[in-house]
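I opened the model to look up its charged pairs, its fold and a few helices. My notes follow in the order of the look-ups.

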Amino acid sequence: MKMKLTALTFACMFSHGVLAHPPSGEEVVAKLDQNGDKLISLDEFKLPEPRHQGRHARHLDSNQDGAISMEEMNARMEQRLAKAEAKGRDIDPEKIAKHQSRMAERFSKQDLDGDGQITRDEMRLAAFTRMDENQDGFLSAEELKPRRDSRGMKRQGNRPGKRWR
């Protein structure tokens, strides 16, 4: 019985992507390429939909207007800090200040029209632009393949979503 349970556990983990390998650049292109040119244009490009994204977006988009403002991001950060303090965790003000600075920098890079809000379309365009290493307006299998960092750890290439495996 124990052997069957272990096999079933592994089967479930692989089928739900817990231990599955990240898709290769070729697999991503095959899935998204609609015109058969083996390149992904901005029109063909879609952001991945992680399982938690809907819940995460609801927490960030507190007024449910379909866009995320810096005020909403700061409010969410304050909620998380309050929870951490309630659990007795030490909060380093210097680390928080650095995090807020990086968060503001990333926000401004994604707020392409400068209106103080990030829409889903802006997230999509910013991700596409970041991944298009040669800036030719298309994503190739090479640009989408998983990468390794300087420590040899697998990265999800330039793809948004989970970055480390």
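Which side chains meet in a salt bridge at 3.2 Å, N to O? I found E142 and K145. I took a salt bridge as a side-chain nitrogen of Lys or Arg within 4 Å of a carboxyl oxygen of Asp or Glu. E142 is partly exposed at 46% relative accessibility, and K145 is partly exposed at 33%. My cut-offs for relative accessible area are under 20% for buried, over 50% for exposed and partly exposed in between, with a 1.4 Å probe and protein chains only.

Basis of the entries. This is a predicted model, in which local features need pLDDT of at least 70 and side-chain atom pairs count only at pLDDT 80 or more, while totals for chains, interfaces and linings use all residues. Residues are numbered from 1 along each chain as its sequence is written, and side-chain values use heavy atoms, with hydrogens and water left out.

Other salt bridges. I searched the whole structure and got 3 salt bridges. One of them joins K98 to E94, with the closest N and O atoms 3.9 Å apart. These two residues are 4 apart in helix 5, so about one helical turn separates K98 from E94. K98 is partly exposed at 48%, whereas E94 is exposed at 53%. Another joins E105 to K109, at 3.7 Å between the closest N and O atoms. Both E105 and K109 are in helix 5, again 4 residues apart, about one turn. E105 is partly exposed at 45% and K109 is exposed at 57%.

Fold. I counted 7 helices and 6 strands in the protein chain. Helices (H or I, at least four residues) and strands (E, at least two) are DSSP runs, numbered from the N terminus. Along the sequence the pattern reads α-α-β-α-β-α-α-β-α-β-α-β-β. The chain has 165 residues, of which 27% count as buried. I took contact as heavy atoms within 4.5 Å. Among contacts between residues at least 6 apart in sequence, 45% join residues at least 24 apart. The chain exposes about 11,700 Å², 55% of it from carbon and sulfur atoms; the areas come from the Shrake-Rupley method with a 1.4 Å probe, and for residues only the protein chains shown count as cover.

D111. I placed D111 in the loop between helix 5 and strand 3. D111 is buried but has no salt bridge, and R106, the nearest side chain of opposite charge, is 14 Å away. For charge, Lys and Arg count as positive and Asp and Glu as negative, with His and the chain ends not counted.

Helix 6. E122 is also one of the buried residues of helix 6, along with A126, A127, F128 and M131. Their cover includes strand 1, helix 5, strand 3, strand 4 and helix 7. Helix 6 runs over residues 120-131 and reaches 17 Å from first to last C-alpha, close to the 16 Å expected; the expected span is 1.5 Å times one less than the number of residues.

Helix 4. I read 17 residues (70-86) and a reach of 24 Å, close to the 24 Å expected. M70, E72, M73, M77, L81 and A84 are buried here. G88 follows helix 4, with a positive phi near 85°.
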